[in-house]
Amino acid sequence: MSLLNQVETALDTIRPYLEADGGNVSIEEITPEGVVKLKLLGSCGSCPMSIMTLKAGIEQAIKKAVPEITGIEAVNLTDIDDPNAVLPENLR
């Protein structure tokens with residue numbers, strides 16, 4: 001199984017939780033150094049808690065399933081203090 005498929009499989013374990021909050025994630029790139037670059041979609045792209053989702057959920061799922069991955073980065077991470085940040089309905 002390719003590295004991309006392994007990462008997609010790992011993401012599939014956490015996608016139901018992201019989708020429950022109106023979000024999702026897509027792989028933009030896996031660098032030669034083993035860094036996965038992700039794009040947070042839907043609510044995840046504008047949620048001030050996206051850094052927690054990335055670190056506590058997505059990163060852990062990928063690193064546990066694919067130890068070759070050295071890091072995870074979001075290309076569109078929302079800062080918790082961003083005035084445009086929006087919480088999903090069930091977290092309000």
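**Exercise 1. In what order do the three strands of the open sheet stand, and what is the sense of the pairing?**

Start with the ground rules. This is a predicted model, in which local features need pLDDT of at least 70, side-chain atom pairs count only at pLDDT 80 or more, and totals for chains, interfaces and linings use all residues. Residues are numbered from 1 along each chain as its sequence is written, and side-chain values use heavy atoms, with hydrogens and water left out.

Next, the terms. Helices (H or I, at least four residues) and strands (E, at least two) are DSSP runs, numbered from the N terminus. Two strands pair if DSSP finds at least two bridges between them.

*Solution.* 
- Step 1. The order is β1-β2-β3, the sheet is open, and the pairing is mixed.
- Step 2. Look at the edges. β1 and β3 (71-74) stand there with a single partner strand each, so one side of each has no neighbour in the sheet.
- Step 3. Neighbouring strands are turned by 30° against each other on average, direction ignored. Such angles use axes, lines fitted to C-alpha atoms (for helices over the stretch in contact), and run from 0 to 180 degrees between N-to-C directions.

**Exercise 2. Describe how β2 pairs with β1 and with β3.**

*Solution.* 
- Step 1. Take β1 (residues 23-30) and β2 (residues 35-42). They pair in the antiparallel sense, over seven bridges.
- Step 2. Find facing residues. In β2, L40 stands opposite V25, and L38 stands opposite I27.
- Step 3. Follow the chain from β1 to β2. The two strands form a hairpin, with four residues between them. G34, in this turn, has a positive phi of about 90°.
- Step 4. Now turn to β3. It runs parallel to β2, and four bridges join the two. Here V36 stands opposite I72.

**Exercise 3. Is R15 buried or exposed, and what does its side chain reach?**

Buried means under 20% relative accessible area, exposed over 50%, and partly exposed in between (1.4 Å probe, protein chains only).

*Solution.* 
- Step 1. Locate R15. It lies in helix α1.
- Step 2. Apply the cut-off. R15 has 12% relative accessibility, so it counts as buried.
- Step 3. List the contacts. Leaving aside neighbours within four places in sequence, R15 is in contact with E8, N24 and V25.
- Step 4. Check the side chain. It reaches the backbone oxygen of V25 at 3.0 Å.

**Exercise 4. How many salt bridges does a search of the whole structure find?**

A salt bridge is a side-chain nitrogen of Lys or Arg within 4 Å of a carboxyl oxygen of Asp or Glu. Side chains of opposite charge can pair when their charged atoms come close.

*Solution.* 
- Step 1. The search finds three.
- Step 2. Take E8 and R15. Their side chains meet at 3.1 Å, N to O. E8 has 26% relative accessibility, so it counts as partly exposed.
- Step 3. Take D12 and R15. Their closest N and O atoms are 2.6 Å apart. Both residues lie in α1, three residues apart, about one turn of the helix. D12 is partly exposed, at 46%.
- Step 4. Link these residues. E8, D12 and R15 form a network of salt bridges.
- Step 5. Move to α2. The side chains of K63 and E59 meet at 3.9 Å, N to O. These residues are four apart in α2, so about one helical turn separates them. K63 is partly exposed at 33%, whereas E59 is buried at 11%.

Conventions:
Polar contact = N/O pair within 3.5 Å; in protein donor to acceptor, adjacent residues only side chain to side chain. Contact = heavy atoms within 4.5 Å.
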